[in-house]
Amino acid sequence: MMFIAALVLVPSFVAAVRSNMIYNAAEISNVVICEDLNHDLTPIRRISDSFNFPYGITQVCVAFSYCGRGYFETHVEWFYEGKLIHSEEVNLDGKGTRIFYLLRDDGAPLKKGLYEFSIVCMGERLSNISFSIGGMIGETFP
């Protein structure tokens, strides 16, 4: 009976150690989502508490502070309507601020719909930001 309990506890312990290692690998703070930043990194047209941008905007900016303790495989991901539209590897070693923009190549307004921005470290999501353009989160878009 004790042997079976040890087998059950070991995976949980490994998962807890891995999660602590991931969360200790990089700390994310001061996340800002806005339309743009000015020269001193002050947000321009920050979204309201509804996490909704009006239709017609041509870009969205996400900025955050980080404190990393060594290099770990970290990616940022952008999703539109649940579908991955962009992913890139980032280095969050040391301290600093990272800024990411979502915009279309042709300069046209971003599509109406639901978007997400995620920071993923070693397969675990450290941050996940949801917002909409031209509607409220939870609203269905045609």
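Is Arg104 buried, partly exposed or exposed? In this predicted model, Arg104 is partly exposed, with a relative accessible area of 30%. Arg104 forms a salt bridge with Asp106. The closest N and O atoms of this pair are 3.4 Å apart. Asp106 is exposed, at a relative accessible area of 55%. The value for Asp106 is over the 50% cut-off, whereas Arg104, at 30%, falls in the range between 20% and 50%.

The search of the whole structure finds three salt bridges. One of them joins Arg69 and Glu27. Their side chains meet at 2.5 Å, N to O. Arg69 lies in the loop between β4 and β5 (74-80), and Glu27 lies in strand β1 (residues 26-37), so the pair ties together parts that are 42 residues apart in sequence. Arg69 is partly exposed, with a relative accessible area of 43%. Glu27 is also partly exposed, at 42%.

A further salt bridge links Arg125 with Glu77. Here the closest N and O atoms are 3.0 Å apart. Arg125 belongs to strand β9 (residues 124-133) and Glu77 to strand β5, so this contact ties together parts that are 48 residues apart in sequence. The two residues fall into separate accessibility classes. Arg125 counts as partly exposed, at 41% relative accessibility. Glu77 counts as buried, at 15%, because buried means under 20% relative accessible area. In general, side chains of opposite charge can pair when their charged atoms come close.

The strands were examined next. Four strands form an open sheet. Their order is β2-β1-β4-β7, and the pairing is antiparallel. The edge strands are β2 (43-46) and β7 (94-103), each of which pairs on one side only. From one strand to the next, the twist averages 35°.

Within this sheet, strand β4 (residues 59-68) pairs with β7. The sense is antiparallel, and the pairing runs over 10 bridges. Gln59 has its bridge partner in β7, namely Leu103.

Note on methods. Residues are numbered from 1 along each chain as its sequence is written. This is a predicted model: local features need pLDDT of at least 70, side-chain atom pairs count only at pLDDT 80 or more; totals for chains, interfaces and linings use all residues. Side-chain values use heavy atoms; hydrogens and water are left out. Two strands pair if DSSP finds at least two bridges between them. Helices (H or I, at least four residues) and strands (E, at least two) are DSSP runs, numbered from the N terminus. Axes are lines fitted to C-alpha atoms, for helices over the stretch in contact, and angles run from 0 to 180 degrees between N-to-C directions. A salt bridge is a side-chain nitrogen of Lys or Arg within 4 Å of a carboxyl oxygen of Asp or Glu. Buried means under 20% relative accessible area, exposed over 50%, partly exposed in between (1.4 Å probe, protein chains only).
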